[in-house]
Every structure is written in C-alpha cells, then in structure tokens.
Protein chains: 2
Amino acid sequence: MNAEIVAVGSEMLTPERVDTNSLFLTNALNNLGVEVVSKYVVGDHAERLGAAVRLALSRSEILIVSGGLGPTEDDLTREAVAQALDRKLIYHPEIAEALAQRFARLNRKMAEVNKRQAFVIEGATLLPNDRGTAPGQWLEDSGAVVMLLPGPPHELKAMFERQCLPRLARIVPQQVIRTIELRVAGMGESDLDQLIAPVYKKYANPATTILAGAGDIQIHLRARCDTLAEADALLAEVAGPIELLLGDRIYSRNGDSLEVVVGDLLRKNHATVSVAESCTGGLLGERLTSIPGSSDYFVGGVISYSNELKIELLGVPPEILAEHGAVSKETAEAMAMGVRRRTNSTYALSVTGVAGPGGGSEAKPVGTTYIGLANAAGVEVLRRQFIGDRARIRSFASQIALDLLRRRLAHVA
Amino acid sequence: MNAEIVAVGSEMLTPERVDTNSLFLTNALNNLGVEVVSKYVVGDHAERLGAAVRLALSRSEILIVSGGLGPTEDDLTREAVAQALDRKLIYHPEIAEALAQRFARLNRKMAEVNKRQAFVIEGATLLPNDRGTAPGQWLEDSGAVVMLLPGPPHELKAMFERQCLPRLARIVPQQVIRTIELRVAGMGESDLDQLIAPVYKKYANPATTILAGAGDIQIHLRARCDTLAEADALLAEVAGPIELLLGDRIYSRNGDSLEVVVGDLLRKNHATVSVAESCTGGLLGERLTSIPGSSDYFVGGVISYSNELKIELLGVPPEILAEHGAVSKETAEAMAMGVRRRTNSTYALSVTGVAGPGGGSEAKPVGTTYIGLANAAGVEVLRRQFIGDRARIRSFASQIALDLLRRRLAHVA
C-alpha cells in the first residue's frame, strides 16, 4: 500500500521552516510496510490544498493531511478536504460544548472562533485531541483512507500513535519489518561506501540507507518480509558481511551514540575519564556530559586554549611548547598526562590541533590534530589530518578522541 | 509571481531525510519578490513527477525541479519533464564529448551511462555545471519558466545563483526587498510574542517570522516595496517600536550570533574571559571557541564536573560545598573567582546547576542553575529556573551566561 502526506501551513513555505512531521509519519508507515510515495507542502490555500488531496487520492490508498485544523480564518483544511471529496461539513454542538468545557477548566472563556473546530466532514470519525483543542478526523472514501491531523508535532504524534496506527494495522496487509542500525566512527563516507556497497547493492530488501556526519556514519538496514524468521535471516545475510568488513570500526549495533557507548564501557570498567582540550574548546566535555548520569565516570578537565593555561593548569613543560609547538605529539602527550595527574582519573584524553581557518602552516596545515590518551601505563598519541571547515574539524577531532577511548576500553573489557 | 518547487529522489521519502534545497531556493526567490506557494517531494517515478509538473504549471509562473539529472536508470527527470511538457528529448553529442573530456582530465574513463546526461529537452537552454557532471536546463513554456537543477546542494546553489537568478531578474517585475533580523537572548517565546505581537500583527508587509531556540529568539522582518526609501521607512515603522519594547534584550541587529557579539565586545575592550563549567560540561567553552580567532580573548578554563575538581583546580572551599552544595550561589561565586584567579583573565563565567533528569530536590528542582560573572571588582550571580530536558537546560544556561557577559561589556563600552 502507498501513502501520501500533505503538510498545510504558509509558515512551512518560508526559508526557515521544514516539515518534520512527515519524517515521524514516514517512519511509522514504513514500519507497517507502507511506502510514502509523495509529500507536499501547501500554504493556507483551499484550492491548492484541494488539488493536492485529489491528486493523492487518484493513485494512493492512504492520505495524511497535517495542519490547518485550528480555529482561525486561516485554518481551512476541514473545508478544503470536504470540498475535494464532495462531502458536506456538519456542525457537532457536542464538540463545541466539550471545547467550551476544556477552556472553562483552564479558567478561560472560549472565543467564538473555536466553534469552527466543531465541524466534521460527513461520514468522518472524530479523533479526540488530549493535547490541544483541534480534534482530528478519520474517513474512508472509495477504498482510500484519509486522516486529518493537527500540525503541532506533540499533538500529531500522540493522535497518530494512539488512534490512527491501530486502525491502520487492521487495514494494511500484515508484514514484518526488522531493522538494524550500525554506527561507525572515524571513516569517510566514500571509503565506507566503497567497502560495503558490493554487499548491500545486491539487495533491494533489506533497504539500506547511509547517513554521514563528521566522522560518524549510520548504516540503516530495513528488511520487510512475511515472517519474523525470514526478516531476521535476510538481515543476517546482509549485515553479516558488512560487520565482517567493518570490524571494530562499528561502535554500536542498536543506535546508541558514541558518547553512550563510551560511558557504558567506562561504567562497566569502574573507570573514570578527564579531558584536556585545546582546539575543541570544551566540545569533548560537552559530549561526554550530554548523557544523563555521566558524573559516574566523567570527572571534568581543563580547556587549555592558551599556552599559559597548558603550562599553569596542566604542567606542560614550557620547553616542549617552545620546541615542538602547541600543536604537536609532545604537547598532546603532556596535556593528557597532565590532566590525568591533576584529576586522578583512570583515563585522560587530550586534543590539540589547528581548527582554522587561520593558524595553518606548511608543516601543520589547517586540520592537523593530535589526540592523546593516557592511563597508568603511559600515553598514546594519534596524528590526524582532517578536511573541512572549523566546525567539521572540531567535530571530527572529538569523534576520533572518543573512539580512541572506546577501542581501548573494548580491549580491556 | 508564484513559484513551485519539486524535489526528486526516493531517498528524500525516507524517515531520515528532508529536502533542504527548497529553503535556499525559497530565500532566493523571496528576495526577488517571488512567493513559493507549493513544494513537492516525489520519488524517482516518472508518472508522479510528471503529475507534479503539470499541476504546478497549471497555476504558477515559475517551476524548479531539483534532482534526478544523474547518469543512472533512476535519474528520469529529463524524460519525465519532457513528456509532461509534450516535448522531445534531443541528444547533443557535444555534451557527451565535454563530459568525456572532464573524466579524462581526472584520468578516468567515462562510463557509457553518462551519455544519458547529454539529452536536452527540445527548446531548452543548457546550464553548465562546473561542480559536477549533471548539466541543468532552463526552458520557457507558454508563459512559464521551468528550471531543472542538480540535486547536490553545492551544485544546485552555484548553478542557481550564477545562471538562474540573473535570468529570473530579467523576467520578474522589479521589487525592493529589505530585511532586518533582531536577535534576543534569555526570553521565552510566548513572553516575547505577547510583548511585540500588538506591533507586528498590524502589518502583512513587512512579513514577520519568529524563530525560537533555547533562550535564543530570532525576529525576521521582510519588507517588499517599489522603492528602497519605502522599504526602509516601512521597516523602521515596525522595527522601531519592537526595539523600544525589547530594549537591551536585543543582542544583535544583523544576524550575528551571541558568541560573535560577545567576542567582538571582548576584543574591543582588550579583555579576556575564562570559564568554570559544571552542568554545561564544556558547552560554554565550545560556543566561545566556535568563532575563528577566539584565542584573541578566550584563554580557557576548567570543566569542574566533580566536587574534587572544584576544590583542586578552582580552589572552591570544601566547607562551601558541604554547607551550600555544589549547586548554590556560593559555589558559583567561588568557581568564577577561582577560575579568574587561576587564568588571570579579565572576566570569568561560571555555571553550576541541575541539568537532570536526575539530581533534583524540592529546594533545587531539575533546571535550577546558578550563573556567575567575576571581574576585578567582584562577582555577580544569577539564579535561574529552566524548564525542559537536559539539552535544553544546558543550552539555556550557556545562553544566559553569555548574555550576562554581553550586558556587562555593553555597559563598559
């Protein structure tokens, strides 16, 4: 079965806004085995909304219209869809009454315009909205299903999950959908794709999607079959060779972020970590502490942006800075050892590099980064040459640092 | 004049992807005085693409189709648009030859499939692509303009700016567009809207858009007039009262971020800043150092996530922690003074709070945050109660800290 999604609202035709409801809806529909074949964004304009509704229903079995169900003059989804389906709008005084009571509970008087929300398309089932004033509607029309849902994401999600999904599940032919999400740190997208494309390109099912950030790649595999056993077998057939090719570059198989994986490994090892950050300026600490409960294993650290702080707070010997420079293997070593000594942490990570756009030289161009990892046994430093703008270089550096710690902890565990 | 945008590509119908090209295109079209009235996303499917093209051209003067111009079987934009317009596709051997030469320069042999890119719709003008292999096309059809542009954003942007905008400017009736972007820190969206809605709601021109993040609000005003003088007068008429109502809560009038504004003020005052971060874990340092050249004024700081580090690295007296707790006015004071002393910076910011979801108490619920600012004259601490999840609370805290420093520097300057 195919679905189409129409998002209504002139604000979504500005340069600042995207429709994100359709992403949530697409995921939920895909999990039922329904493909989304077309999406529209139309303004608060009855004629253009009507044309989209007619086009979608001429070829697809499921249509979701989001937005335009509010009380104002602009909100014309009810009228436009009724007209497109050639059905009447019927006033339900009991809906107006319920709305008035809702306002009364909040000690407010309902404005007259809210009565617009009491109009229901002939033959439609009302979908109550416990998170807002605009009720939704569900209707079936010559073999197709049409849903009108409110625009605010938390209202739409709750209504769709609780009221639409169970109804859809009764209509849509049953299929089993199973997904695997592999995450990989520290590889470029094209290098990764070159490695694994020969495996996944042979299969339309499972469907493979690759999403790449700075030093972080997600591989989504989605299998759709008649039985669970079939789906699992198919996933194993594709994921197995991919896992073998990527080896320990895969840091997560369940969608967990690198921060979460590193935190879990530290907790399991009863270990702590500290950071000494130069070019990342706090990003590494920020990422580690973005996880609730990170105080179990993260003690803190030093943002040693200036050379003075590298000396004063981390004890980096001035002669190392003078001889090798702030961006050097030796400085990264001294930073990691220094912060570990000052904080008594089990592990310490350091980052020093040229994030750019200025500050590069022939020997150390923009993107040159040293990443250190110290523990009681000593210190290891990686040199990396990252490509991109300042944000990308910093993001890459924090990713490689966390991954360095992850690999070390995985070997310990 | 009205425009519609069709994005082609099955990958944009997955739960992970949004079409962002249309945001760039909408901004550029709006600046010409053209409204975007409808957007579509269709998969690699000739019939559905054709239907979108016909619908758009039945009512709008400008149509932009992005994506589907590559060399593979999936890339069927050329064929589908030609068919929808009832025009032939014509093979241009000179395009195939130029492509082959492009490959030769990269020491690669052109695959046979690339010849698909040498087909041009009858009557269309070819738009060369200096950033990729897929050329674009420009054609006029019974009073409407149709553009076929490549999907990769950097190719689309360059082609649209250099080749389409000049052509459009000759067709679209001349209008003057002037914009103002005001940025406000530390206010809730509804508080701000309540304050300024009575001003801007009276005007359809300039159009007002309000975008809210955690503790950061952007107010975009866009005036569209026949003359520059008219547009400027209209903007002043609306922006004037808004600026008066918001006063020094406005930190920027030109789109600069708070980090940039604070950095410029520090540089102007020949002042430096350091940070002592607890619940933000490095976010404040990360934001300050996201700006190129921030080493001019940012010296670094301490991520004192554990109490031990607050004592060891910042010299917070253990009795203050014991008596008042880590999340307290007294600790925030001692952190700010401590990091200033350790780093010899002109100013020092400190943040300590309960970012949640755990760790809250009746006296200090999740979201309770103390923000300190020290200089030679002493230390000032704000207590704030933020609402939201961990990421939002941390983001709000960093925003209020930067804004506290901005206000102080603005008074000095």
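Analyst: Let's start with one pair: A:Ala276 stands opposite A:Val302 in S14(A). Keep in mind that this is a predicted model, where local features need pLDDT of at least 70, side-chain atom pairs count only at pLDDT 80 or more, and totals for chains, interfaces and linings use all residues. Residues are numbered from 1 along each chain as its sequence is written, while chains are lettered from A and ligands numbered from 1 in the order in which they are written.

User: What makes S13(A) and S14(A) a pair?

Analyst: Two strands pair if DSSP finds at least two bridges between them, and strands are DSSP runs of E with at least two residues, numbered from the N terminus. S13(A) and S14(A) have 5 bridges, in the parallel sense, so they pass that test.

User: Why is strand S13 of chain A called mostly covered?

Analyst: A residue is buried if 20 or more other C-beta atoms, placed from the backbone, lie within 10 Å of its own; 12 or fewer makes it exposed, and in between it is partly exposed. In S13 (residues 273–277), 5 of its 5 residues are buried. Side chains of a regular strand alternate between the two faces of the sheet. Here A:Val273, A:Val275 and A:Glu277 are buried on one side, and A:Ser274 and A:Ala276 on the other.

User: Which strand of chain B does strand S14 of chain A join?

Analyst: S14 of chain B: 5 bridges link the two strands (residues 298–304 in each), which run antiparallel. For instance, A:Ile303 has B:Gly301 as its bridge partner.

User: How many residues does each chain bring to the contact?

Analyst: Chain A and chain B bring 55 residues each, where being in contact takes C-beta atoms, placed from the backbone, within 7 Å. Chain B's side splits into 26 nonpolar, 21 polar and 8 charged. Nonpolar covers Ala, Val, Leu, Ile, Met, Phe, Trp, Tyr, Cys and Pro; charged covers Asp, Glu, Lys and Arg; the others, Gly among them, are polar.

Methods:
Contact = placed C-beta atoms within 7 Å. Helix = DSSP H or I, 4+ residues; strand = E, 2+ residues; numbered from the N terminus.
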